Amino acid sequence: LIAPFSSSVFVLRRTEGPDLLLDTQSREDFFLHLRKCLEFCEDHPRRFGEPVDEWPNTIVPLLGAKRDGPAAAAAFLQYEVFLFLRWNSNSCLMKGDTFFFGFLYLHEQRSGDAANTAYTRSQAGQWRWSLLFFMLKTSTRELVWVHHPSDSEPAGSIKVDNIQSLHSLDSPTGEFCFILNCTGVNDA
């Protein structure tokens, strides 16, 4: 399988044993050498004319040794950047259609309730940044975030219909930053 989000990573799906996720300097050179090796292997039942499939999605399931279903996944965040994850079909990432996913920092104001044991009086009203994994789910029309890509329960979510406005912002470090004005934020 060839991942369209990489020029060097591919999956060698074998008839026995687990899939192999390989990263080469040149995928084309690897296939050329593999073809040459197979030409010299007389006991190989098939020639290298079998199809090389391109996987259409950003999440590539990887079969385990038992070959009874996915054991892991390569989830491409952007071109040449992927997460290697243990397969969890109940994770928020795998449930329903996910249009986009990636890590974002969430900037939130801490509760002003000083009685809350999680915050001291000096921390009440302060802002903090949290690195979270966000997903735009087309199946439920939500922006969902979790602490880890394999989490089964969201840390929070916003219905797309509840987003009132989106504003881009220049950050001092030059990173992309935006502000969502919305109603109905669901925090877990």
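**Figure 1. Overview of the chain in the predicted model.** From the N terminus on, the elements follow the order β-β-α-β-β-β-β-β-β-β-β-β-β, which amounts to one helix and twelve strands, where helices (H or I, at least four residues) and strands (E, at least two) are DSSP runs numbered from the N terminus. This is a predicted model, in which local features need pLDDT of at least 70 and side-chain atom pairs count only at pLDDT 80 or more, while totals for chains, interfaces and linings use all residues. Residues are numbered from 1 along each chain as its sequence is written, and side-chain values use heavy atoms, with hydrogens and water left out. Of the 188 residues of the chain, 30% count as buried, a term that stands for under 20% relative accessible area, with exposed meaning over 50% and partly exposed in between (1.4 Å probe, protein chains only). The chain exposes about 12400 Å², of which carbon and sulfur atoms supply 54%; accessible areas come from the Shrake-Rupley method with a 1.4 Å probe, and for residues only the protein chains shown count as cover. Among contacts (heavy atoms within 4.5 Å) between residues at least 6 apart in sequence, 43% join residues at least 24 apart.

**Figure 2. The largest nonpolar core and the surroundings of F133.** The largest nonpolar core has 13 residues, and those with the most contacts inside it are I59, A75, L93, F101, F133 and M135; a core of this kind is a set of buried Ala, Val, Leu, Ile, Met, Phe, Trp, Tyr and Cys residues joined through side-chain atoms within 4.5 Å. Two or more residues of this core come from each of β4 (70-78), β5 (81-86), β7 (127-137) and β8 (142-146). Apart from it lies another core, of nine residues, which includes L1, V11, A74 and F76. When its neighbours within four places in sequence are left aside, F133 is in contact with L77, L83, L93, F101, G102, F103, V144, W145, V146 and P149. In soluble globular proteins, nonpolar side chains tend to be buried together.

**Figure 3. Strand pairing around β9.** Strand β9 (residues 156-159) is joined to β8 by four bridges, and the two strands run antiparallel; pairing here requires that DSSP finds at least two bridges between the strands. Within this pair, L143 has I158 of β9 as its bridge partner. Strand β9 is also joined to β12 (residues 186-187), by two bridges and again in an antiparallel manner, with N186 of β12 as the bridge partner of S157.

Figure 4. A search of the whole structure finds three salt bridges, each defined by a side-chain nitrogen of Lys or Arg within 4 Å of a carboxyl oxygen of Asp or Glu. The side chains of R13 and D19 meet at 2.6 Å, N to O, and those of R67 and D19 meet at 3.2 Å, N to O. Because R67 lies in the loop between β3 (59-63) and β4, and D19 in the loop between β1 (9-12) and β2 (20-23), the second pair ties together parts that are 48 residues apart in sequence. D19 counts as buried at 10% relative accessibility, whereas R13 is partly exposed with a relative accessible area of 35% and R67 is partly exposed with 24%.

**Figure 5. The salt bridge between D161 and R141.** The side chains of D161 and R141 meet in a salt bridge at 2.7 Å, N to O. D161 lies in the loop between β9 and β10 (163-170) and R141 in the loop between β7 and β8, so this pair ties together parts that are 20 residues apart in sequence. D161 is exposed, with a relative accessible area of 61%, and R141 is partly exposed, with 44%.

**Figure 6. A nonpolar surface patch on β6 and β7****.** F103, Y105, W129 and L131 form a nonpolar patch on the surface, with about 460 Å² of accessible area together. Residues of such patches have over 30% relative accessible area and no salt bridge, and nonpolar side chains (Val, Leu, Ile, Met, Phe, Trp, Tyr) are joined within 5 Å. The elements that give two or more residues to the patch are β6 (98-109) and β7, and W129 is found in strand β7.

**Figure 7. Positive phi values at R67 and E80.** R67 has a positive phi of about 60 degrees although it is not a glycine, and R67 lies in the loop between β3 and β4. E80, also a residue other than glycine, has a positive phi near 70 degrees; E80 lies in the loop between β4 and β5 and counts as partly exposed at 32% relative accessibility.

Methods
Patches are made of residues with over 30% relative accessible area and no salt bridge: like charges are joined within 9 Å, nonpolar side chains (Val, Leu, Ile, Met, Phe, Trp, Tyr) within 5 Å.
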